[in-house]
Amino acid sequence: GLLVVGDVVTDVVARHRGPLAPATDTPADIRTVPGGAGANAACWAAHSGCPDVRLLARVGRDSAAWHDLRLRRSGVRPLLIPDADAPTATVIALVDTATAERTFLTDSGAVHRMNPADWSPDLLDGIAHLHLSGYLLFADQSRQLALAARESARQAGVIVSLDPASTGFIGDLGVERFLAATEGVDVLLPNADEAAFLTGLPEPADAAAKLSRQFPLVAVTLGAAGALVATGGEVVAKVAAPKVVALDSTGAGDAFTGAFLAARLSGASPAEAATAGCRAGALAVGVVGGRPEVGGG
Ligand code: ADP
């Protein structure tokens with residue numbers, strides 16, 4: 001099985017037309033959808049056929065039951081810890097349909113309250129692969145939890161992957177500290193911006209090659225251009241993305257991650273896994289929201 005340790009987020013998406021003016025009542029189409037990089041990747045892994053996907057995350061008491069239900073419907077076994085003092089992480093996305101410009105307001109909520117007491121090595125019983133959401137690295141106590149999970153995985157011979165979250169968060173932590181905190185990670189799954197930021201190399205192929213000297217396997221996603229795979233200091237595969245009409249790019253990287261990991265767990269080569277990742281990424285840009293379609297509300 002696959003254990004994802006990461007973030008559950010409530011995404012509130014408000015679509016309005018034209019600039020927002022203060023002190024006016026702007027009509028908008030407002031939808032609340034389940035999200036979070038870790039949770040989305042878990043859903044995409046299950047959607048891609050991974051048989052036993054579990055998700056460990058903290059949520060607020062307010063929406064714990066709703067998130068639990070939505071994850072179960074997507075085929076993920078939720079291991080959710082309701083937090084008494086913080087709400088579920090929430091992102092408000094303001095989308096101007098006239099310009100397609102997006103503005104985000106982010107409250108990390110219960111995500112950054114994950115802590116080493118949430119971890120126990122038995123969580124790895126029956127698990128072959130541990131995936132860590134990079135968002136855990138950016139607060140002290142949640143980073144300690146990620147390090148404890150990685151250490152248990154190392155002792156149990158479980159493969160560890162990590163998605164670096166975002167360049168903004170890496171900048172806040174500092175590249176040196178990020179790379180120190182990710183020591184021992186087997187598979188790194190950055191997008192092109194994160195790969196460039198982590199290495200100082202603007203060319204994705206150069207960045208992928210350099211990262212693969214620290215991480216045994218690196219897959220860098222390139223948006224509509226697909227993905228690159230690097231191992232041992234060299235790019236070993238370049239995969240094209242299917243041509244699609246992009247509707248909403250939210251969760252494309254999480255879809256890639258989920259499908260890539262599902263494929264690796266079923267024995268696929270890194271190049272085959274990247275091909276599966278690109279197929280899922282292309283599906284994700286064709287739906288609104290960050291998760292595969294499962295029907296129902
Ligand atoms: P992130 O969402 O983390 O920034 P990317 O934008 O690189 O990640 O997208 C992840 C994957 O999703 C890509 O590797 C690609 O396979 C797919 N993808 C993203 N945008 C498109 C697009 N416009 N057309 C087809 N596939 C896409």
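Analyst: Start with the ligand. There are 19 residues around the ligand, and Thr221, Ala241, Gly253, Cys278 and Gly281 come nearest. A residue counts as near if its C-beta atom, placed from the backbone, lies within 6 Å of the molecule or strand. Two elements, α8 (252–265) and α9 (270–285), each give two or more residues to this shell. Helices (H or I, at least four residues) and strands (E, at least two) are DSSP runs, numbered from the N terminus. The share of α9 is four residues, the most of any element.

This is a predicted model, where local features need pLDDT of at least 70, side-chain atom pairs count only at pLDDT 80 or more, and totals for chains, interfaces and linings use all residues. Residues are numbered from 1 along each chain as its sequence is written.

User: How do you know how confident the predictor is in the protein chain?

Analyst: Look at pLDDT, the predictor's confidence in each residue, from 0 to 100. The chain's mean is 95, and 99% of its residues reach 70 or more. For the complex, the predictor gives an ipTM of 0.96 and a pTM of 0.95.

User: How do the residues of the shell divide into nonpolar, polar and charged?

Analyst: Twelve are nonpolar, seven are polar and none is charged. The rule is a list: Ala, Val, Leu, Ile, Met, Phe, Trp, Tyr, Cys and Pro are nonpolar, Asp, Glu, Lys and Arg are charged, and the others, Gly among them, are polar.

User: What makes Val220 buried?

Analyst: Count its neighbours. A residue is buried if 20 or more other C-beta atoms lie within 10 Å of its own, exposed if 12 or fewer, and partly exposed in between, with C-beta atoms placed from the backbone. Val220 has 28 such atoms within 10 Å, so it is buried. Val220 sits in strand β11.

User: Which residues does Val220 touch?

Analyst: Leaving out residues up to four places away in sequence, they are Pro190, Ala192, Ala195, Pro204, Ala207, Ala208, Ala227 and Leu228. Contact means C-beta atoms, placed from the backbone, within 7 Å. Ala196 is 24 residues away from Val220 along the chain, and their C-alpha atoms are 10.0 Å apart.

Helix α7 (residues 204–214) has its own buried residues: Pro204, Ala207, Ala208, Ala209, Leu211 and Ser212. Their cover includes β10 (187–188), α6 (192–199), β11 (217–221), β12 (227–231) and β13 (234–239).

User: Why are β5 and β13 called edge strands?

Analyst: First, the sheet. Nine strands form an open sheet with mixed pairing, in the order β5-β4-β1-β8-β9-β10-β11-β12-β13. β5 (77–83) and β13 each have a single partner strand, so one side of each lacks a neighbour in the sheet. Two strands pair if DSSP finds at least two bridges between them.

User: How do you know that β8 and β9 are paired?

Analyst: Five bridges join β8 (residues 129–133) to β9 in the parallel sense. Leu130 stands opposite Val160, and the bridge partner of Leu132 is Leu162.

User: What makes β9 mostly covered?

Analyst: Five of its five residues are buried. Ile159, Ser161 and Asp163 point one way, Val160 and Leu162 the other. Helix α3 (residues 140–156) lies across β1 (2–5), β8 and β9, and runs at about 165 degrees to β8. Axes are lines fitted to C-alpha atoms, for helices over the stretch in contact, and angles run from 0 to 180 degrees between N-to-C directions.

User: What order do the strands of the four-stranded sheet follow?

Analyst: The order is β3-β2-β6-β7, in an open sheet with mixed pairing. β3 (29–35) and β7 (101–107) are the edges, each pairing on one side only. Neighbouring strands here are turned by 20 degrees against each other on average, direction ignored. β6 (residues 89–96) and β7 run antiparallel, joined by seven bridges.

User: Is Ala23 buried or exposed?

Analyst: Ala23 has 4 other C-beta atoms within 10 Å, so it is exposed. Ala23 lies in the loop between β2 (9–16) and β3. Its phi is positive, about 60 degrees, although it is not a glycine. Most residues other than glycine have a negative phi.

Notes
Two residues are in contact if their C-beta atoms, placed from the backbone, lie within 7 Å.
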